[in-house]
Amino acid sequence: MKKELLIDKHGRVHNYLRLSLTERCNLRCRYCMPEEGIDLSPKNAVCTYEELLELCDIFISLGVNKIRLTGGEPLVRKEVGKIIKELGRRPIELALTTNGFLVDRYINLFKEVGLLNINVSLDTLSPEKFVLITRREGFQKVYDNIMLLIREGFNVKINMVLMRGINDDEVIQFAELARDLPVTVRFIEFMPFDGNRWSDGKMISAQEIRDIITAEYQLNRGTDALNDTTKHYHIPGFNGKIGIISSMSEHFCGSCNRIRLLSTGKIKNCLFSPDETDLLPPLREGYDIEPLIRNSIYRKKAQHAGMFNLAKRKNRSMITIGG
Ligand code: SAM
Ligand code: SF4
């Protein structure tokens, strides 16, 4: 029997699962990972490969038709190859958000299973600034892997988190990547999470981003897909597109279709919500977890988990959520 879809009390259907494979990462981006690091969850509190697949299958039976692998860095999880192979067989669109560092190791597998939609984070085109932002070396590797994905025909989006005084001087350079390359360059508003030293002043708003670009180029509004969190734009003569993700200044909660599943088996019904439901203990004890999932989605708030002042509220660090 076909099951009812996951619908919240505001009528939004939830069919998109963002699955965090791990809290670990090979980079230490300032906007994501607190300077002092994070306390990793104990091994027995992290879903095994089998448990992750079981959870995914339950979500798929409830109407989820898109799964995006994220993290931490999803490609540092040991069983990521097996997970991608298995999920590649499910009736879903499979996508990935990565820092790009290990892409060359898995590119053949991506092709084999048809994982073609890949978002890569890159916040600067300067190798020195890369170290400042990510607290690690690796610019060239990430850049080369982005070029490899593009050459091999993947649908690549480059995610750049803008921070005032750090990389806001690179907006035009990033936009110009879309002149010759068939990529979508997405500018993301800096969001507050525990330990990332967010402040109002450091955030570059969507309007400011548009102003910087329109000072140089004509920026035409494009079309967005249903449930898209990105507002798309196009510069005449450019091969690729520009995207702006305005989570802070122009939120898009009205069309939210996302469920976030952490590597510990907890679900978050909103990126900004402290409200989490732990599915792992009941799953391990053999209980039916469907009512827990339905309940969590049903009680989702209309917008930003009902928070009007996000920066003052406690939330986990982004590295443990996955974006
Ligand atoms: N490691 C992968 C990566 O960097 O793409 C996947 C995980 S990362 C947490 C997912 C996305 O969240 C990345 O695009 C990253 O830029 C974004 N992100 C992390 N912290 C953020 C913040 N404070 N504000 C806005 N976006 C953030
Ligand atoms: Fe790691 Fe991605 Fe967070 Fe950077 S944004 S620390 S690459 S999880």
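Which residues form one aromatic cluster? In this predicted model, where local features need pLDDT of at least 70, side-chain atom pairs count only at pLDDT 80 or more and totals for chains, interfaces and linings use all residues, the cluster is formed by Phe130, Phe139 and Tyr143. Residues are numbered from 1 along each chain as its sequence is written, chains are lettered from A and ligands numbered from 1 in the order in which they are written, and side-chain values use heavy atoms, with hydrogens and water left out.

Rings of Phe, Tyr and Trp (its six-membered ring) pair if their centres lie within 6.5 Å, and planes under 30 degrees apart count as stacked, over 60 as edge-to-face and the rest as tilted; by this rule there are 5 aromatic pairs. One of them is the stacked pair of Phe139 and Tyr143, at 5.6 Å centre to centre with 25° between the planes. These two residues are separated by about one helical turn because they stand 4 residues apart in helix α5 (residues 139–151), a helix being a DSSP run of H or I of at least four residues, numbered from the N terminus. Phe139 is buried at 8% relative accessibility, whereas Tyr143, at 24%, is partly exposed (buried means under 20% relative accessible area, exposed over 50%, partly exposed in between, with a 1.4 Å probe and protein chains only).

The ring centres of Tyr217 and Phe238 lie 5.2 Å apart with the planes at 70°, so this pair is edge-to-face. Tyr217 and Phe238 are both buried.
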